[in-house]
Amino acid sequence: MVQVNDQLLLVEPRGHASGKFQRLKASRLHFQSDVRAAMAQRRVYSLWIAPSEPAMDLLLGTLPRRPRGDDRRLLSFERARGDAQNLVHAHFRFVVSAGDGVQLLPIAELIDVLGADNRADLFVGGVVLAAQSALLLYRGNLEPITIPLDWFASRPGSPGPDVSKFAVTDYGQTVRLGDYEAATDAILYEFDEDYRIRAKRQRIEKDESIGGSIRRLRLQKGLRQGDFPGVTAKEIARIELGKVKKPHRKTLQKIANRTGVPVDQIQSY
Amino acid sequence: MAFTLKLPAPWESRGWRAKIRDRERVEPPHVTIMHKAKAWRFGLRTQQFLDAEPDPREIPDEVLEATRADLSLLRQTWDRMYPENPIVSKTPKKPKAKRKHKWYK
């Protein structure tokens, strides 16, 4: 019996161990009894990895009759055959399957990211959704996040993003679209409020004023002080300088309207 | 196109990178030093690390020295890539309180 005491669970049937995952610090599940024991444990969430077809077979053959609704997530390198895919989705909250067109990090980088404490703040892969003009990215805890493609704006004198050449690189810290690169940090800062709040707490130089937040928000959105309809550039400057300590609710609403950030989230910047 | 600073060969081959990418958190201007799954934002205005974690002492001196040595190149690159928030545009400081009395005149 394998002791299951980690969030990371590697399904590795006897005789089918993958040398590629040797470095990964995860609980190894070799037999059906190991899988059952792991299924019975309650955790905040568990991240399961099935790197091969025999691993998927072992997992699928051991799933309980009735899902308990625990937060399980599955990273598989072989898509479950036929209807078994529905079974997988019945038991796992998030399923990332390399067989579904998802491009993952190279294995050596993937292992480091999955084993990192900050895995939720890194990407392990993604897929371009051309019809939706979006990029679906998966974090190291397998949570998905969808980014509109038009967010990847060109920089002066630089080639624009080439979505046909999508890859996650730098151990999940960079999203590459051809020669164009976007920082994972910038993506999460923009699209995940919880990440933004944590990132703000991490900053050494703290300017907690509403003016500081508005300035950071404005610059993050690529706006000038004169770009806020109904609010003069002078007024924005006075707020950013701290001359206006408590901007009027209507002013904040106009800033929210222009930036697309709800009023109650402005101070998270 | 992202800018990658040339680091001394042994450190580059050990996976150290210093980059300014096409989309970054815009304020404050910075270069990101990366090693595997860790990253440090180094401020281009103040030459100070911007975040408390991870610990900047994990960065080899040679990597940090190489970054500091090319500071003007990094600043130029930032200004070219992020003209809306150039290095010279410092975070506004709170205005000094006005003197109430002009007795010294």
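User: Before we start, what counts as a contact here?
Analyst: Two residues are in contact if their C-beta atoms, placed from the backbone, lie within 7 Å. This is a predicted model, so every contact is computed from predicted positions.

User: OK. In chain A, what share of the contacts with a separation of 6 or more comes from residues 24 or more positions apart?
Analyst: Such pairs make up 52% of those contacts in chain A.

User: And for chain B?
Analyst: There the figure is 42%, again among contacts with a separation of 6 or more.

User: What is chain A built from?
Analyst: Chain A has nine helices and twelve strands. Its C-alpha atoms fill a box of roughly 70 × 40 × 35 Å along the principal axes.

User: How much of chain A is buried?
Analyst: Of its 269 residues, 36% are buried.

User: Which residues have the most contacts inside the largest nonpolar core?
Analyst: They are A:Leu9, A:Val11, A:Ile49, A:Ala50, A:Val113 and A:Val124. That core has 49 residues.

User: Where does that core lie relative to domain 1 and domain 2 of chain A?
Analyst: It lies between them, because both domain 1 (8–100) and domain 2 (113–194) give residues to it.

User: Take A:Val124. What is it in contact with, leaving aside neighbours within four places in sequence?
Analyst: A:Val124 is in contact with A:Leu104, A:Leu105, A:Leu110, A:Val113, A:Tyr138, A:Gly140, A:Val168 and A:Gly172. One of these, A:Val113, is also on the list of residues with the most contacts inside the core.

User: What other core is there?
Analyst: Another core, of 22 residues, lies apart from the largest one. Among its members are B:Ala2, B:Leu7, B:Val31 and B:Ile33.

User: Switching to chain B. What pattern does it follow along the sequence?
Analyst: Chain B reads β-α-β-β-β-α-α. That is three helices and four strands. Buried residues make up 33% of its 105 residues.

User: What pLDDT does chain B average?
Analyst: Chain B averages 88, and 84% of the residues score at least 70.

User: Last one. What ipTM and pTM does the predictor give the complex?
Analyst: The ipTM is 0.85 and the pTM is 0.86.

How values were computed: Residues numbered from 1 in each chain as written. Chains lettered and ligands numbered in written order. Predicted model: local features only at pLDDT ≥ 70, side-chain atom pairs only at ≥ 80, totals over all residues. Core = buried A, V, L, I, M, F, W, Y, C linked by C-beta atoms within 7 Å. Buried ≥ 20, exposed ≤ 12 C-beta atoms within 10 Å, placed from the backbone. Domains from an automatic or database assignment. Helix = DSSP H or I, 4+ residues; strand = E, 2+ residues; numbered from the N terminus. pLDDT = per-residue confidence, 0-100.
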